[in-house]
Amino acid sequence: MLIPGIIGIVLFIFLIPGFLIIAPNESAVLVLFGAYKGTAKANGFWWVNPFLTKEKISLRARNIDSDPIKVNDKIGNPVMIGVVVVWKVSDTYKAAFEVDNYEQFVDIQSEAAIRKLAGYYPYDNFEDEDAEITLRGGGEEVNELLEKELTERLSIAGIEIMEARINYLAYASEIAGAMLRRQQATAIVAARTKVVEGAVGMVKLALDELKDKDIIELDDERKASMVSNLMVVLCSDEAAQPVLNAGSLY
């Protein structure tokens, strides 16, 4: 009885390493003495060859919410870009054997893809007026290019990119103030242009109405004075102060 009991205990100890539990969206890469024997993906409690080495690999979707990194855009401006990437392992063999650490590989290649993406487009079209697509205004086109770039880079590791998009974009701190002032100046110039265009139209309308309705005859000097006064009133930032002239126009 003693010998069979000992044999049973030894046999049980020998068989224990072969037991394997596979949870949902989980897999185990099986290797026997250096030779790849397959990947177990079926959920449940299993027993396999005890000599097999088993490496668990999750098949669940994962997120990368990267911290913004400083990169240079197409025209050399330093900008800060952060991305969100949703990915999962689709090929367990590649994830286990083509790269040393597939999780670290995803992080590093994501940063490399961000740097390459920034080199394709300018931040905006203030300095590159011919740019049809910019990082700030490119939207889905820029995100699609980022996703494509990540897919190409991570295919070697058996990684599937489910979604990739920019979630943070700003000028770097050393030029942010200057760029903000430039944007404000551009907005002011654009607003002034609209004001002047409207003022010119209103002055022309006033002169035409006076002429068509024969209200008053104005010579060139009086027209010039009227145009000057109207332009000052219409384009001024401050409210005009009326002045009553009780005498001659001259």
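F51 is partly exposed, with 45% relative accessible area (buried means under 20%, exposed over 50%, partly exposed in between, with a 1.4 Å probe and protein chains only). The model is predicted, and local features need pLDDT of at least 70, side-chain atom pairs count only at pLDDT 80 or more, and totals for chains, interfaces and linings use all residues. Residues are numbered from 1 along each chain as its sequence is written, and side-chain values use heavy atoms, with hydrogens and water left out.

The chain holds 6 helices and 9 strands (DSSP runs numbered from the N terminus, H or I of at least four residues for helices and E of at least two for strands). Of its 250 residues, 31% are buried. Its accessible surface is about 16,200 Å², and carbon and sulfur atoms account for 58% of this surface (Shrake-Rupley method with a 1.4 Å probe; for residues, only the protein chains shown count as cover).

The search for aromatic pairs returned 8 in the whole structure (ring centres of Phe, Tyr and Trp, the last by its six-membered ring, within 6.5 Å; planes under 30 degrees apart are stacked, over 60 edge-to-face, the rest tilted). One of them joins F33 and F51 in a tilted arrangement, with 5.9 Å between centres and 40 degrees between planes. F33 is in the loop between β2 (26-32) and β3 (35-40), and F51 is in the loop between β4 and β5 (52-58), so the pair ties together parts 18 residues apart in sequence. F33 is exposed, at 69% relative accessible area. The rings of Y123 and Y171 also form a tilted pair, with centres 4.0 Å apart and planes at 35 degrees. Here the link is between the loop from α3 to α4 (140-154), which holds Y123, and strand β9 (residues 159-171), which holds Y171, 48 residues apart. Y123 is buried at 8% relative accessibility, and Y171 is buried at 9%.

Strand β1 (residues 19-22) has L20 and I22 on its covered face and F19 and I21 on its uncovered face. Strand β4 (residues 44-47) runs antiparallel to β1 and is joined to it by 4 bridges (strands pair if DSSP finds at least two bridges between them). W46 of β4 is the bridge partner of L20. I21, at 53% relative accessibility, is exposed.

Helix α3 (residues 102-118) contains Q109, which is buried at 16% relative accessible area. Beyond its neighbours within four places in sequence, Q109 contacts L150, R153 and L154 (heavy atoms within 4.5 Å).
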